[in-house]
Amino acid sequence: MLEESWQNYEGGAVVAEDGQQAQARGEQKQRKRIAAKRSPQSEQASTLQKIRNFSVEFGPSQKDILNFTNQLSVMVRAGISLQDSLESIAGQQEKPKFKAIITDLKNQIEAGQSFSQALAEHPQVFSNLYINMVAAAEISGSLSSMLQKLAEYLDGEAETRSQVRGAMVYPIIIAVMAVFVTIFLLCFVLPRFTAIFAGKEHLLPASTKILMASSAFLRGYWFLIIPAVGGLFWGFLYFIGTNVGRLWWDKTKLVLPLIKTLCRSLYITRSLHTMGVLMRAGVPILDTISVTAQISGNVLYKDMWLGVYSDVRQGKRIASSLNQYNLMPSNVVQMIRSGEDSGTMSDVLRDVSDYYARELKTVIKTVTSMIEPIMIVVMGVLVGFIAMSIILPIFKMSSLVMGK
């Protein structure tokens, strides 16, 4: 009896267990059917949500870094800890990428790294100059004042770039207008005279024949010209991105009649200003020269400062090393020599960089005032050449008709 009862109990348990499994399988199938019915809609909603949230975001700009430095300087000067300052700035940051970078800086500092070491983990955002100045401030214990100097330096650099770009806006506008006027005349005005010139090609001057051939080519193969121009532009950018192309382009900028003075003043101002700021910050001289080489902005000036770095490391003086190159004016080299002799190198560099900063503004105004009339004259000559190439054949044909 006990054995039979046990068998019945065991069989009931099996039956009960099979019933529970069947119910579980049924519920699972039901969930799958519901999910299968809902999945297209949910996937569609998810796709639409992704499309709405899609955005293209670039890295932080120079203005973003300047604002970050100003805010951090004010907070540190007010006695707020570096971690709390970074957390507060990250909370106010609207750009997700830059916010993630600032948060990472805070996390690395809390993990035991110094601020300069944390900055060095993001070399694409913070330059060598920025990192070295922060490192010098950490050694001297003057982070707030150093951040203020950094903000002033970045502000000055932004102003210089703005001046240079502003000087090039007007010439670029004139050049674009000249191109569009030329295309309009060749594609829409000149073709109206082809019927007049038909059958009289032997009477046309060479300039008119060239213009007519150019007009026919533009109207017939415009769909090839546009990608060809784009390809040439891309090829030029790719070429100057290579070592050989960059060297050629940097050499060219230093020999062009109007651009060379502007570029030389820009490179000298940037180099000496950077050196002065780093030396006043207490950065070692070799590190100062190395950073100056990296931010010079021209391959030739970079090679010059790297050569100076090598000479100074061997015990030579900066002025004597600069004498080997023709990229730095002799009066600047002489002033640097005086600064080395008197031990006031940082003050001399500051004065010289301030002088060339003022000189750069003057050069920008001069170059702009010279480029404007030159571009206007070029545009006038081009339009006049096209107009005369159209009008002269008409006068010639009229004179032949009147002669007959």
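What follows is a short chat about a predicted model.

Biologist: Where is threonine 69 found?

Modeller: In helix α2, which covers residues 62–77.

Biologist: Is threonine 69 buried or exposed?

Modeller: Buried. Its relative accessibility is 0%, and the cut-off for buried is under 20%.

Biologist: And what is threonine 69 in contact with, leaving aside neighbours within four places in sequence?

Modeller: Tyr130, Leu147, Leu150, Ala151 and Leu154.

Biologist: Let's move to the core. How many residues does the largest nonpolar core have?

Modeller: It has 40. Those with the most contacts inside it are Phe68, Leu72, Leu86, Phe115, Phe126 and Tyr130.

Biologist: Which elements give two or more residues to this core?

Modeller: α2, α3 (82–92), α4 (96–110), α5 (115–120), α6 (128–140), α7 (143–189) and α12 (259–280).

Biologist: Take phenylalanine 126. What is in contact with it, beyond neighbours within four places in sequence?

Modeller: Ile65, Phe68, Phe98, Ile101, Leu105, Leu119 and Ile131. Apart from the core that includes Phe126 lies another one, of 26 residues. Leu254, Tyr267, Met304 and Met345 are among its members.

Biologist: Is cysteine 187 buried or exposed?

Modeller: Cysteine 187 counts as buried because its relative accessible area is 17%, and the limit is under 20%.

Biologist: What about cysteine 263, buried or exposed?

Modeller: Also buried, with a relative accessible area of 9%.

Definitions and conventions:
Residues numbered from 1 in each chain as written. Predicted model: local features only at pLDDT ≥ 70, side-chain atom pairs only at ≥ 80, totals over all residues. Heavy atoms only, no water. Helix = DSSP H or I, 4+ residues; strand = E, 2+ residues; numbered from the N terminus. Buried < 20%, exposed > 50% of the residue type's maximum accessible area, 1.4 Å probe, protein only. Contact = heavy atoms within 4.5 Å. Core = buried A, V, L, I, M, F, W, Y, C linked by side-chain atoms within 4.5 Å.
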